Amino acid sequence: MNLTLRIWRQSGPDDAGRMTEYDVRDISPEMSFLEMLDTLNEELILSGDEPVAFDHDCREGICGACGMVINGEAHGPERTTTCQLHMRHFDDGDTIDIEPWRASAFPVVKDLVVDRTAFDRIIGAGGYITAPTGSAPEAHATPVPKPAADTAFEHAECIGCGACVAACPNGSAMLFTSAKVVHLNSLPQGAPERESRVLDMVGRMDDEGFGGCTNTGECATACPKGIPLFSITKMNREFVRAARKG
Ligand code: FES
């Protein structure tokens, strides 16, 4: 496949940035999207140009490091991570626009790399439990009802990639935050911090400059792990409950 790429190039946070056009040739349909970018970067390096900066780590859809807006969609046309998107979903001769996540709480560091440490600070505000760690607890010491375990697992799938924020017209982090809150608040181990967790994490989310939720649902549509929209409803319920108690 031969493709035209229009990629956002920005040398640093203070650079205005611009779309820059590149041609790539002989791309295999079996390549991942990141392997296609690797091919471009090899050519750029060999010709003495600056390679395109982008985030990646596991390349297995697990870590959440990768992420870019491809033809206007977070992670591109498939409901998966960018590293698991394959070139067979594009056609020979296509022009592909590639941009970083766009959100004021995710400032651009360079090219397609954005600063997502706001997510780390939301986690730091309450994404933990205070149960003692060390030796493994006896398996039946804290029974977990099956529905609670299922809910916790469903929400623990969030890999914190940020696609929800990038897809949301408000740049809201409600789906990410709710996944973390509901995951821990569903479990008996998370009960001691149930109220403080939701209040502190939502407060941190607001302080980081993320927008509010207006129920457009783009976040859940873009989420590569299928975190459901009702997760936000559950978090709002937790928030009201905690605020009334407090
Ligand atoms: S590089 Fe880890 S999820 Fe894509």
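## Domain arrangement

The centres of domain 1 and domain 2, taken over C-alpha atoms, are separated by 29 Å. Domain 1 covers residues 3-109 and domain 2 covers residues 116-245, with bounds that come from an automatic or database domain assignment. The contact between them takes 19 residues from domain 1 and 21 residues from domain 2, where contact means heavy atoms within 4.5 Å.

This is a predicted model, in which local features need pLDDT of at least 70 and side-chain atom pairs count only at pLDDT 80 or more, while totals for chains, interfaces and linings use all residues. Residues are numbered from 1 along each chain as its sequence is written, and side-chain values use heavy atoms, with hydrogens and water left out.

## Nonpolar cores

A nonpolar core is a set of buried Ala, Val, Leu, Ile, Met, Phe, Trp, Tyr and Cys residues joined through side-chain atoms within 4.5 Å; buried means under 20% relative accessible area, exposed over 50%, and partly exposed in between (1.4 Å probe, protein chains only). The largest such core has 38 residues, and W101, F106, F119, V165 and F210 are those with the most contacts inside it. Two or more residues come from each of α2 (117-126), α4 (163-167), α5 (174-185), α6, α7 (218-222) and α8 (230-245), of which α5 gives the most, with five residues. Helices (H or I, at least four residues) and strands (E, at least two) are DSSP runs, numbered from the N terminus. At least three residues of this core are drawn from each of domain 1 and domain 2.

Leaving aside neighbours within four places in sequence, V165 is in contact with A103, F106, F119, G171, S172, A173 and F210. A second, separate core of 27 residues includes W8, I70, M87 and I96.

## Salt bridges

With a salt bridge taken as a side-chain nitrogen of Lys or Arg within 4 Å of a carboxyl oxygen of Asp or Glu, the count comes to 15. One of them joins the side chains of K110 and E50 (2.6 Å, N to O); K110 lies in strand β6 (residues 108-110) and E50 in the loop between α1 and β3 (69-70), so this pair ties together parts that are 60 residues apart in sequence. K110 is partly exposed at 26% relative accessibility, as is E50 at 46%.

The side chains of K146 and D150 also meet in a salt bridge (2.9 Å, N to O), and both residues lie in helix α3 (residues 146-156), four residues apart, about one turn of the helix. K146 is exposed, with a relative accessible area of 57%, whereas D150 is partly exposed at 39%.
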